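Okay, thanks for making the time. Let me put the model up on the screen, and then we'll walk through it together.

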Amino acid sequence: MIKVMLFIDGSWLYRNTPKLAKRYGRSDYRIDYGKLPAVLAEELAILMNLPATEIHLVRSNLFASIPVNYHADDEDLVEKQRDFYEILREEYHYETEIYDINFSGGPVKSQEDVVRVIRPEEKCVDVALASSLLSYAAIPGTYDIAMAVIGDRDYVPAFRHVRQLGKRVAIASIQGSCAKEYLDPADKERVRDFDVIFLGNYLNRFEFKYEPRQVRCESEFHIGNRTVWTTYRPRKGRPFFCDECMAKYTEQRKDTPRPVSTYRPAEVGAPAAQGQGPTQTGMIKRVLAEKFYGFIAGENNQDYYFNKNNLAEDLPWDRVQELGLKVDFEIYREPNDYQAGAAMNVRLAQKRVVAPFDVEDELAAMEAERKAREEAEAALSAQEAQDVLEARESAESGLDAD
Ligand SMILES: [Zn+2]
C-alpha cells in the first residue's frame, strides 16, 4: 500500500482552468474537484505499473486565496469563491488553506488580469503549499508520494527537499502552464520521480457534469411524490426545492406583498447617516469565523449576508460571533428567491420601545406564518373543489334542460 498525498495550488489551477477549457474546445468546461483526486491516483498507479488499489489517497490539500477589502460590486463574485472553498471542505473533505488578498477597496480583477498581475500576497499560497509539503514529509508515516498539482517554478526547492527526506514527488500540470524545470526529460533540477501527468489528457474523466439524480423536495408547497429528478446538486444538509415549488414561490412573492411579521416593532429607527433605506433589525444567525462572514436573520424570515467590512465601528468582529445577537443594518442588496440579501452598516440593535426581538419570538412568528400559509392553501383548495363542484352541477343541469 502506497500513501499518496495531494497538494493542489488552487490559485494556479483556477487561473488556468480556462486554458484547459480552450484545449477541450468547450468554454463552459468545469473541473469536478470531487473526481480529480481519484483520477490522479489512477494515473499514478499506471505510471508505477501497479493496480489502482495499491494507491491509497490519504488526503487532498488545496491552497488558494480569497479577496478581502474589495469593491462592493464584486460581492457576488467573491461569495461564489467562498462557496466553492466551502464545497471542497463539506462535500469532498479537502483540507483547504485560504489566504486573504487585500484589494484595497478596488475591483477584483478578472482571471486573465490576475495571470498578468499576480499580487504579492499570492505568494502566501506558494509558501503555504511548500511548507505543508515539507512538514508532512518530516512526520513519519504520513505519505510516501507527494502528488503536486502545480505549474510555477517556485516549488523547485521544496520538491528537492522532500525528495532528500526520502519521499517521492509526482507532478500533475497543464501544457503551456508548466515551468520548464519540471519538463526537462533529464530532470537536472532533481524535482520529480515520475513523468509529468498532464491534466489536459484526462479532461473528460474529471469534468463537472450536470447528471440527473433523484432528490427529495422539502418545500411545504410540494404536491405529489417528493422524490424528483434534477441536475441540481443540493449542498449537504441544505433543503432542496424542485423547479415547480421554486416557481410557486416566485409567483407568490410577485402577487402578494411580503409577509409582515406580527412582532415587527412599531417604531422603526431613523436611517443611519451612512446607510441606505430604512433601518432593518435582525439577529446574527450564522458566522463563519475563519472566513470573516456570516448571515443575519432579518425580520421577514429573509437572510442577509455580511462580512467583516460591513460592520459599524461599535460592533467588533468578536462580538458578532454571538449567535442571536440583535443587530440593526441597512440593505445593500435585496434578497431574491435564490440568494440571500446583503447587509451593510451592521451595528448593535438600538433599544426598541415595543416587543423585544428574540429567538422565541422569531420561532413563534415563523410557526404562525407557516400555519397561516397552510390555512390559506387549504382554503384555496377547498375553494377550487367548490368551483369544480359548481361547474359540474351547472353542466349537469344543462344536460337536464336538454
Ligand atoms: Zn417541490
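So, a question to start: why is β5 largely enclosed by the rest of the structure? Well, 5 of the 6 residues of β5 are buried, so the rest of the structure largely encloses that strand. Buried here means that 20 or more other C-beta atoms lie within 10 Å of a residue's own, exposed means 12 or fewer, and partly exposed is in between, with C-beta atoms placed from the backbone.

Before I go on, some housekeeping. This is a predicted model, so local features need pLDDT of at least 70, side-chain atom pairs count only at pLDDT 80 or more, and totals for chains, interfaces and linings use all residues. Numbering of residues starts from 1 along each chain as its sequence is written.

Overall, we've got 10 helices and 13 strands. Those are DSSP runs numbered from the N terminus: H or I over at least four residues for helices, E over at least two for strands. Of the 402 residues in the protein, 24% are buried.

Back to the sheet. β5 belongs to an open sheet of 6 strands, in the order β3-β2-β1-β4-β5-β6, with parallel pairing. Two strands count as paired if DSSP finds at least two bridges between them. At the edges sit β3 (95–102) and β6 (197–198), each pairing on one side only.

Now, the neighbours of β5. β4 and β5 run parallel and are joined by 5 bridges, and M147 stands opposite A170 in β5. To get from β4 to β5, the chain goes through helix α6 (residues 156–164), in a right-handed β-α-β crossover. Right-handed means that, with the strands pointing away from you, the path from the first strand over the helix to the second runs clockwise. Towards β6 there are 2 bridges, again parallel, and A172 stands opposite I197.

Last thing, confidence. The average pLDDT, which is the predictor's confidence in each residue from 0 to 100, is 81 for the protein, and 81% of the residues score at least 70. Over residues 111–116, though, the pLDDT is below 50, and that stretch has 5 contacts beyond near neighbours in sequence. A contact means two C-beta atoms, placed from the backbone, within 7 Å. Residues 258–275 also stay under 50, with 38 contacts in the model beyond four places in sequence.
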